[in-house]
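Subject: Handover of a structure and notes on it

Dear colleague,

Please find below the structure that I am passing on to you. My notes on it follow directly after it.

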Protein chains: 2
Amino acid sequence: MSYVAPLKDMLFVINELAGLSEVNTLPGCEDASPETVEAVLEENAKFCSEVVAPLNVAGDKEPSFWQEGKVTTTKGFKEAFKAFGEAGWQGVQHPVEFGGQGLPKLVATPCIEMLNSANLSFALCPLLTDGAIEALMTAGTDEQKKIYLENLISGKWTGTMNLTEPQAGSDLALVRSRAVPQGDGTYKISGTKIFITYGEHDMAENIVHLVLARTPDAPEGVKGISLFVVPKFLVNADGSLGERNDVHCVSIEHKLGIKASPTAVLQFGDHGGAIGTLVGEENRGLEYMFIMMNAARFAVGMQGIGVAERAYQKAVQYARDRVQSRDLAGSSGPVAIIHHPDVRRMLMSMRAHTEAARALSYVTAAAHDAAHHHPDAAVRKINQEFYEYMVPVVKGWSTEMSINVASDGVQVHGGMGFIEETGAAQHYRDARILTIYEGTTAIQANDLVGRKTVRDGGATAKGVLAQVRRTEEELAAYTSGDLAAIRNQLAAGSRALEEVVDYVAGNMKADIKGVFAGSVLYLKMAGVVLGGWQMARAALVAQRKLDAGDGDVKFFQAKIATARFFADHILSQASGYRVAIVDGSAGVMAIAEEQF
Amino acid sequence: MSYVAPLKDMLFVINELAGLSEVNTLPGCEDASPETVEAVLEENAKFCSEVVAPLNVAGDKEPSFWQEGKVTTTKGFKEAFKAFGEAGWQGVQHPVEFGGQGLPKLVATPCIEMLNSANLSFALCPLLTDGAIEALMTAGTDEQKKIYLENLISGKWTGTMNLTEPQAGSDLALVRSRAVPQGDGTYKISGTKIFITYGEHDMAENIVHLVLARTPDAPEGVKGISLFVVPKFLVNADGSLGERNDVHCVSIEHKLGIKASPTAVLQFGDHGGAIGTLVGEENRGLEYMFIMMNAARFAVGMQGIGVAERAYQKAVQYARDRVQSRDLAGSSGPVAIIHHPDVRRMLMSMRAHTEAARALSYVTAAAHDAAHHHPDAAVRKINQEFYEYMVPVVKGWSTEMSINVASDGVQVHGGMGFIEETGAAQHYRDARILTIYEGTTAIQANDLVGRKTVRDGGATAKGVLAQVRRTEEELAAYTSGDLAAIRNQLAAGSRALEEVVDYVAGNMKADIKGVFAGSVLYLKMAGVVLGGWQMARAALVAQRKLDAGDGDVKFFQAKIATARFFADHILSQASGYRVAIVDGSAGVMAIAEEQF
């Protein structure tokens, strides 16, 4: 088996750290009982391992290709996507009224992780479709919902996000695509969009493009951008497919990784105009897009965790099989390299990063559920703030770490890791996009600094740190051993992060460039400290279970050991980050541009 | 121009940090005057930029290919290699008596850096040839020297190192290739060697394979390995090429990067036996191979620096050209992204790592020259110890950092970085081999821990740290500003490194696995602290020049700013490393193998 879902760890996190039993009490989440959730995840794991994972290497070797405007996906993708839709996996988190399963984000999140572990390229199509569903659900007209939602949720049609243009990447103020009202409620859309994931393919009957464009009288900048839905095939009143719309794929990109996922250049309106309808109100496109983007950003964070888990499993397998050199403690002959301390260190680092990011993201998903379903508005608010603070951290940190984890995976394989047939290199190539799309790490960090930290004077961040402190207090019950060591590093890390939050919130006005010089470091440090916090919580739960003689002893011991490793090897980086952010801001901008 | 050699920085390091004027006084190094060296480097830079660098992308797009036992290299490689040989570049550091230029390693080192910046795949052929020259020079018979050296040094023939076999990678004890004496002074060699760089190609008339194999009565393990020279074409008494030898390339690998460099599977002796001659004495093969390997490892370190420099230059260019988003300090429209703090931070990190590794490696090269040429045996000895301590650090750290630098280079390009046509991704793929071949980072770290630290009880390491302390004392003259900040971080870093050296030297017997659990971290930390030391020395020189009103003000200011950045952003990681190594060793081996 090329991928085995880490169900035991997932269920531990869902139940013990993210509090499924509490989520289950929320109005609308009554179906998500621990038993149901376990059954759903088992079924999803089976589908991902058996149907989707085996296509991963083929997708890399025989990528999607373009011919005369049509994109043919890798053999097997079409059938797998059909099965995916029919099994209801596109609809896990979407409303029952439109054919979804209506399960909480806490349940959808591990499903998304598994799909991405199985096949990053394949998983992108549902990921983007989720974004389109989210946007239409929030801002679409009843008519749009009626036409599109059911078909998207069933996997019959798929969705895309059309933001980027050649001159407008991170900076959407530069979007130039035009939308001219036709007087009949429709608009004619024209322009070029690039980097459109699954912008054209053969896996579904129709493709629903959500497109940012400007109406003729729109103001300049981001306040003049509207959102339109532009289907590949127009839809007749009876729901059947009508004429081919004027949106055409003129090429796809030749990429470093995720090669099975077609990255399209789309030309709108070259032959008379592509017909689209407005989503929500004019000039509020960016706002709606942000809804999609927050969901998509979180999901890209899950991609990081997914590829990290897959790279880890592959490295473990190789380390068990490859025999080389004697054991340092003495052995009669060469041993499997998993016995060598540096191989073990790399595996532990891969494992610790992945488990910590998983815990942080599932806890974030649970906060999303509480933010949407809790009866108490004050509880909703605090959970929404927590969720919003975490989204850039989950996206940025999980993806940044995934590149290093995939790189360690190559290293564990030695020379074989550099040979493409081995497969370790694919993860290293695939992972490299994750810190770039749906907003680079710097864009996530801008969000973390600006909207999520400075805007409320660091209050949300401090609130999270207060929660960390409570975990430290609980750890204080253990005065020696692993939990005491974890507490030491967590305390040092959280104090350092608090200093950084004060620095960020306090220096924005006086030294904006200095603050942003450390923005990505702040994001990574938040990932390290808050990931370490979740591992510390996990260790506490595990220790209490052990103390109570309750459950899987080996699993709990391993969890504590992994948390200890995280504390000593990863949390310990916090002090260096603090220096770089607080003392190091001056050096970043010190050299004149022409001196580079 | 796709690559411009950083001659100003190279000459600064050579003259001000590595002490060319002192090297120039060594017996045998009298020709290496500062003027001559500058002229040599300028000429080499021209050759690398104009002839070799333009072939880099072509080599990636149209790699070497295998057909019926023959390997055809990328179009243009053959002609460029001919020009390389004819211009004398293969011979820079080799003896005049065999046609070389007889220049110090301190001069050859920047030449090797430039060639690797220009084209990592191309540079591998001379790199391996240097190794073969080195081995034959040290251990070859007069006959072997006569037959091979001149042709290798002129670039007419090339050399290879044949160590790895399918079951014997990092562990050479497992080598199985056989060498049976024929009674006429020759041996018949048989076996399979894999991962042989430039093991077959069309760039030279003959290929001189240096091969590890066992004679029939050899003891088991590494003490039973002998070194043989096995040419592709046998050489007649008059020096002309004779019969084709029985060594054949049965395939080449499909790799993640350095695609133009053919990585061969060589089959020796399948058709009657490959004829070889013994190098040096039987069963001392590993010892000779280590001579080659030390030189080759140092050179692979230079590959890391070379690719980091190239990736940096590419990222700077893109950051200057790409216009996106307004300046944080306010601007009328979008600006080049080099003005954005996080882009600047990435460029500074790339630059600081590259400059520090360059300084450390050139200083190491100068120690090699003193170790070989100084009239005083005591001075030779201390320089040899310094050199040997530094080789694993230069190899390991320069290559590890180069992967991160190349990854940052992709990130600076945003979405374009993921598109292969842009070229940034090639560096990310190419760099990934550098921490693996010529000994993985773990193998370098074993060397650093075992032979270079524990064997002398940490004395050499402490000697280096004493030198760092002298730099700290010199920095103490500056009580505020950048130099004072640099001193703070250098002092903290060197104290942390000293603790780690004590831990490594002191715990080897009691806890060998614990020590080796931190071996790679110790290596990286040594790179960080000693790289930071060299940057601190550079800042001192620059400040004194500024104080004296002497020379290039902007260059010296930039050097100080880069050193300051290194101190705050990179040296500051030392404390985290110390925790991971000293406190974190327990966690590495804590989980049972079956729990992974």
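A residue counts as buried under 20% relative accessible area, as exposed over 50% and as partly exposed in between, with a 1.4 Å probe and protein chains only. At 22% relative accessibility, A:Phe195 therefore counts as partly exposed.

Please note that this is a predicted model, in which local features need pLDDT of at least 70 and side-chain atom pairs count only at pLDDT 80 or more, whereas totals for chains, interfaces and linings use all residues. Residues are numbered from 1 along each chain as its sequence is written, chains are lettered from A and ligands numbered from 1 in the order in which they are written, and side-chain values use heavy atoms, with hydrogens and water left out.

The two chains

Two copies of a chain are related by a rotation about an axis and a shift along it. Contact means heavy atoms within 4.5 Å.

Residues of chain A

Helices (H or I, at least four residues) and strands (E, at least two) are DSSP runs, numbered from the N terminus. The residue A:Phe195 lies in strand E5 of chain A, residues 187-197. Although A:Phe195 is not a glycine, it has a positive phi of about 60°. A positive phi, near 70°, is also found at A:Asn283, again a residue other than glycine. A:Asn283 is in the loop between strand E12 (274-279) and helix H9 (285-321) of chain A, and at 28% relative accessibility it counts as partly exposed.

A:Arg470 is placed in helix H14 of chain A, residues 459-475. With 48% relative accessibility, A:Arg470 counts as partly exposed. Between A:Arg470 and A:Phe77, which are 393 residues apart along the chain, the C-alpha separation is 47 Å.

A covered helix

How many residues of helix H12 (residues 424-431) of chain A are buried? Eight of its eight residues are, and the helix is mostly covered. Among them are A:His427, A:Arg429 and A:Asp430. The cover over the buried residues of H12(A) includes, from chain A, helix H4 (56-61), helix H7 (120-139), H9 and helix H11 (377-412). Helix H11 (377-412) and helix H12 (424-431) of chain B are also part of that cover.

Axes are lines fitted to C-alpha atoms, for helices over the stretch in contact, and angles run from 0 to 180 degrees between N-to-C directions. Angles under 35 degrees count as roughly parallel, over 145 as roughly antiparallel, 65 to 115 as roughly perpendicular and the rest as oblique.

The axes of helix H3 (residues 34-52) and helix H6 (residues 105-118) of chain B come within 9 Å and cross at roughly 15°. H3(B) is therefore roughly parallel to H6(B). Residues that meet there include B:Val37, B:Leu41 and B:Asn44 in H3(B), and B:Val107, B:Met114 and B:Leu115 in H6(B). The residues of this contact divide into twelve nonpolar, one polar and no charged; Ala, Val, Leu, Ile, Met, Phe, Trp, Tyr, Cys and Pro count as nonpolar, Asp, Glu, Lys and Arg as charged, and the others, Gly among them, as polar.

B:Ala32 is in the loop between helix H2 (20-23) and H3 of chain B, and at 1% relative accessibility it counts as buried. Leaving aside neighbours within four places in sequence, the contacts of B:Ala32 include B:Val37 and B:Val107.

The axes of helix H1 (residues 7-17) and helix H10 (residues 341-373) of chain B come within 10 Å and cross at roughly 45°. H1(B) and H10(B) are therefore oblique to each other. Their contact residues divide into seven nonpolar, no polar and three charged.

H10(B) also packs with H11(B), at an angle of about 160° and with the axes 8 Å apart. That makes H10(B) roughly antiparallel to H11(B). The residues of this contact divide into 20 nonpolar, twelve polar and two charged.

With kind regards
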